[in-house]
Amino acid sequence: MIPLQSREIWKKHGVKKFETPDEFQSKFIQHVETTLARSLYNCDDLAAYQATSQSVRDNLVIDWNKSQQRQTARGSKRVYYLSLEFLMGRALDNALINSQDGSEESGVEKREKIKGAIDELGFKLEDLLEQEPDAALGNGGLGRLAACFIDSMATGDYPAWGYGLRYQYGIFAQKIIDGYQVETPDYWLNFANPWEIERSEIQVPINFYGYVDRSDNNGDGSTLCASKWIGGERVIAVPYDMPIPGFKTENVNNLRMWTARPTTEFDFAKFNSGDYKNSVEQQQRAESITAVLYPNDNFQEGKELRLKQQYFWCAASLHDIVRRFKKAKHSWEDFPNQVAIQLNDTHPTLAIVELQRILVDLEHLDWHKAWDIVTKTFAYTNHTVMQEALEKWPIGLFGHLLPRHLEIIYDINWFFLKHVESKFPRDVDLLSRVSIIEEASQERQIRMAFLAIVGSHKVNGVAELHSELIKTTIFQDFVKIYGPGKFTNVTNGITPRRWLKQANPKLGELISKAIGDPQDDYLLNMSKLTELAKFAEDEDFQSQWNDVKQFNKQRLADLIEKLYDGEDVIQRDNIRNTLFDIQVKRIHEYKRQQMNIFGCIYRYLSIKKLLSQGVPISEVEKKYPRKVSIFGGKSAPGYYMAKLIIKLINSVSDVVNHDKEINNIFKVVFIPDYNVSKAEIIIPASDLSEHISTAGTEASGTSNMKFVMNGGLIIGTVDGANVEITREIGEDNIFLFGNLAENVEELRYQHQYHGEPLPQELEEVFQVIEQGTFDGDFKPLVESIRHHGDYYLVSDDFKSYLQTQSLVDEVYHKNKKEWLKKSILSVANVGFFSSDRCIQEYADEIWNVEPLTN
Ligand code: CJB
């Protein structure tokens, strides 16, 4: 502690945030010369990016300190958001937009001033922003949702922390070689990361393996009593903190990311001293825990290292949370009044078990009292109904790594089943269906979703349809046991700061001017956007709206040209009358990029057919107006079919784009290495985007919301959040097609037992694929539909997909005014999908926490 008399000195020298461009420049130069040890003569863009970030970070850290002190002093309840993925993207521009001080000026205005100041220093802000690598610590929707939520929690002044892992390698970088995906490592920490603060003074020991010692349990052998777990391997968890600034608030929250380090203390016990090689191996073994993000999306791999990651992260986070709680000297009953923990999917379910272990084994609470605290603390978000994504761990692997936790899970299950039995006596079937331990499989497995439900007070789905589906399918029995009140819905959302203001500054500007909101308050109160509706048919406004879209399309065309080594793939001169049709997301059979590319092939064949009949190209163009189909997305490295879909897209692209005869009226483009920063360029450029999953498979989708927020129209199935998007923006403003979720089971059954013929259009597409028109062997893709049950119902939806695409062409090319009206009305009514609304719902309905205003 600093002695009282010294504190005056501290206060006198208290650090100050830079406020003016001049003060920024001074900070910038100071960082160039001291932090980076460079000078006027050798400061390149990278150094200038670093110095800018360090300067902005200084401001954030000052607010971060104040925010944390305020949160502690108020002693209010905190939220902890546990997510194995945080797909943050870049931080600098977001920090500039969100930067705030006591003045009236908005962050957006401030950003403009900093831009000017950087100009004067001899750099371009845009070039500096490009220097930053994406923090790509996530796979797709789930990880990006966590990033949007953490932004909204800070913006809403909620005392909230995120907890994650600081992977050294994020999601792999995707290269396309000969049309195939090739993965290369994403070592994003190559240069110093100015957005993190290492907290090496905090070191949390984490144990694995070993055995349970019950020698001091009075010999009664009960696993319910405090037991001692003697770990067999120990690593150290060290946190790195990322300040998360809110928009238009001085509140800055914390995202704490753990990294694994070896412990020397334990090495000595285990290895002979002087056995250098082994101790280095030990070091590498420890560090491997946080080395790499598992690159699967909607799929569980069941590897021991993944389980190790999960426990390492849960144990470190809970240790931190409990330490903070204990410092405030509350009684244990108060824990759920002080702490809310949200589980982002089942990945952090071990946190439930770890808290029970801490309370029973280390704090010596009675089992039931402890369990009451645990269940009041946790809530669980489900993100998928797909079987292959639901986490299960074999008992053998689990018990070896975490012997005490396995015992605790058995006990949790025992009490749970006892409760079920008392409510539904003699229903043995029910008991086996809901048991946390699945007995039916070859090896017994722990069903993590069931454990998460039993250990939480609320379970939510991520869109209305999805939340209903989990209640009637995978969690049906639990609704019977606990009643429907435990299950709820919080429809996903996105942060309008990144996905509107930052990604689409031109649209942001037009909106704030149109609705008379120069301070950009609409970014906090998105219902203000409804003001736009009155301009929907205003021709002058429509034309300005269209100009913004064309600007964004040019920006994307520039990116594509760069990625295609200078080839002008998208004929720039024709951009205004070329429809940009975009599908960017993880590649997955259920998301049905295959249906999209089959549609592209069909379009190409139809154009060729007309040409072969002697129809002049100008006439063909009337039927098939100019269009570019743009794809982007990564496949899990081990997902054969998804990789084949990528190859097919690239092979089709190769044929179509080089066919002189079709005179550029149709193009197919695959953008390699889709990531957050590319999304910020791609999404604002869409006229149309595709969200065409088999009904009932896409829990929510969030890029659908991003596209709508940027004035793009949607072609989609009645799935996930498309349903609520339709409700909000109006069914006239979205192109829906395809079978409904309620019919999927029946259709699959039909395929299995009756083998319906394929629609003619799909047959034609398959024939040219089989003729070898496109480079590659696509037999498995065709066969999965023709002979193997067509699980994703491509053949059932293909015709209505094509018909709806024709309708799109017609409106876009023959009725541009109608199109623009739809686009404006969509943005006017997109407000519901702000993640600020989600966070408020979680806070009110699940966490029971209040914002902490000054
Ligand atoms: N989701 O990104 C993932 N990974 C998974 O393993 C499971 C689900 C996605 O989560 C998003 C956020 O809730 C949803 O919008 C999306 O539909 C779902 O696939």
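Strand 16 pairs with strand 17 (residues 445-447) in the antiparallel sense, over two bridges. In that pairing, Ile437 stands opposite Ile446 of strand 17. Two strands count as paired if DSSP finds at least two bridges between them. Strands (E, at least two residues) and helices (H or I, at least four) are DSSP runs, numbered from the N terminus.

Before going on, what we are looking at is a predicted model, in which local features need pLDDT of at least 70, side-chain atom pairs count only at pLDDT 80 or more, and totals for chains, interfaces and linings use all residues. Residues are numbered from 1 along each chain as its sequence is written.

Now the whole chain. It has 34 helices and 25 strands. Its C-alpha atoms fill a box of roughly 95 × 75 × 55 Å along the principal axes. Of the 854 residues, 48% are buried, where buried means 20 or more other C-beta atoms within 10 Å of the residue's own, exposed means 12 or fewer, and partly exposed is in between, with C-beta atoms placed from the backbone. Among contacts with a separation of 6 or more, 76% are between residues 24 or more positions apart. A contact here is two C-beta atoms, placed from the backbone, within 7 Å.

Next, the domains. Domain 1 is 19-74 + 92-131, domain 2 is 79-85 + 143-489, and domain 3 is 547-839. These bounds come from an automatic or database domain assignment. The centres of domain 2 and domain 3, over C-alpha atoms, are 37 Å apart. Across that interface, 34 residues of domain 2 are in contact with 33 residues of domain 3. Which element gives the most to the domain 2 side? Helix 7 does, with eight residues. That side divides into 16 nonpolar, 12 polar and six charged residues. For the count, Ala, Val, Leu, Ile, Met, Phe, Trp, Tyr, Cys and Pro are nonpolar, Asp, Glu, Lys and Arg are charged, and the others, Gly among them, are polar.

Two items remain. One is Ile645, in helix 25 (residues 640-657). Ile645 is buried, because 27 other C-beta atoms lie within 10 Å. Leaving aside neighbours within four places in sequence, Ile645 is in contact with Ile587, Gln593, Gln594, Ile597 and Leu781.

The other is helix 30 (residues 760-770), whose buried residues are Glu761, Leu762, Val765 and Ile769. Seen down the axis, they fall within an arc of 95°, so they line one face of the helix; the arc is that of the directions from the helix axis to the C-beta atoms. The buried residues of helix 30 pack against helix 23 (593-612), helix 31 (779-786) and helix 32 (794-814). Gln760, Glu763, Gln767 and Glu770 are exposed on the other side. After helix 30 comes Gly772, with a positive phi near 85°.
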